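I opened my notebook to look up a few things, one residue at a time. Here is the structure I was reading.

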Amino acid sequence: MTRQHRFAQVDVFGAEPYLGNPVAVVLDAEGIDDATMQRIARWTNLSETTSVLPPTTPEADYRLRIFTPGGELPFAGHPTLGSAHAWLEHGGEPQRADRIVQECEAGLVEVRRGDVLAFAAPPMRRTDELDADHLARLVDALGIAPERVVGHQWVDNGPGWCVVQLPSAQEVLDLEPDLARIPDAMVGAIGAYPPGSEHAFELRSFAPAVGVPEDPVCGSMNASVAQWLTSTGAAERSYAVSQGRRLGRAGSIAIDADADGTVWVGGATITCFSGTAIA
């Protein structure tokens, strides 16, 4: 027997509505089984679809399940912000006025309330450099010369991300990857804009391993890349990232690293569609 659940589709990180990354949010999702959650995600065909559930730990305000068309993720960034936005908009009341605590498979994630919502980057599960064979496969698939890679790192905070750093934002925008060569990859590319630009970096995220060829604006990758760059001194503690230009989007992600090393990833959130879903 199906029933109706409150539903919102939220644009996240957009400079204006419909230019960021949408997430489909099913609220009051208790009673929806795993197979149906996955089927809904395949049907919406967005990079992520979430289900908001009661928490299982007293520290959390709610629990979140995050699905791509190809499977479930332990954590993802823009779904975290979009789901927090929808939960608040539909009457959610956090235990602390200035913080929301989200429970997900990766653990508890804090979301800070301010001019925009911002989540605290979760701990990374793997942070070492890429081995030579893996890097060679990525370079081949991205269609770049090995000497154009100025840095590379595992930046895995759950989805399995790694990243290569190129000399410039334009080189990132010019990439024409052959993802058929790396069907199991979760990889990003980042390059710097000239000093004084509106954004410090351009980032692109490719996720064929979970059925998302290119994620328009990716919070989880921005979070882990920011942890890497700010911890090594390769980036300022506060900076902005552009993402999605090759897909006709205008994503803008605000990075702010506290003195204790906590990295906050924030951006605009706005509900573009709301109503009900059946499940």
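**Entry 1: a glutamate and its surroundings**

I began with E72, and I found that E72 is partly exposed, its relative accessible area being 32%. I kept in mind that I was reading a predicted model.

Next I asked myself: in which strand does E72 lie? I found E72 in strand β5, which covers residues 71-73.

Then I looked up which residues E72 is in contact with, leaving aside neighbours within four places in sequence. My list reads Q38, R65, I66, F67 and E105.

**Entry 2: the cysteines**

How many disulfides does the count come to? I got zero, so I wanted to know why, taking a disulfide as two cysteine sulfur atoms within 2.5 Å.

I started with C104. The closest cysteine sulfur to that of C104 is in C218, 14 Å away, and that is too far for a bond. I noted too that C104 is buried, with a relative accessible area of 8%.

I went on to C162, where the closest cysteine sulfur is again in C218. Here the separation is 12 Å, so the two are too far apart for a bond. Is C162 buried or exposed? I wrote down buried, because the relative accessible area of C162 is 2%, and buried means under 20%.

Definitions and conventions
Residues are numbered from 1 along each chain as its sequence is written. This is a predicted model: local features need pLDDT of at least 70, side-chain atom pairs count only at pLDDT 80 or more; totals for chains, interfaces and linings use all residues. Side-chain values use heavy atoms; hydrogens and water are left out. Helices (H or I, at least four residues) and strands (E, at least two) are DSSP runs, numbered from the N terminus. Buried means under 20% relative accessible area, exposed over 50%, partly exposed in between (1.4 Å probe, protein chains only). Contact means heavy atoms within 4.5 Å.
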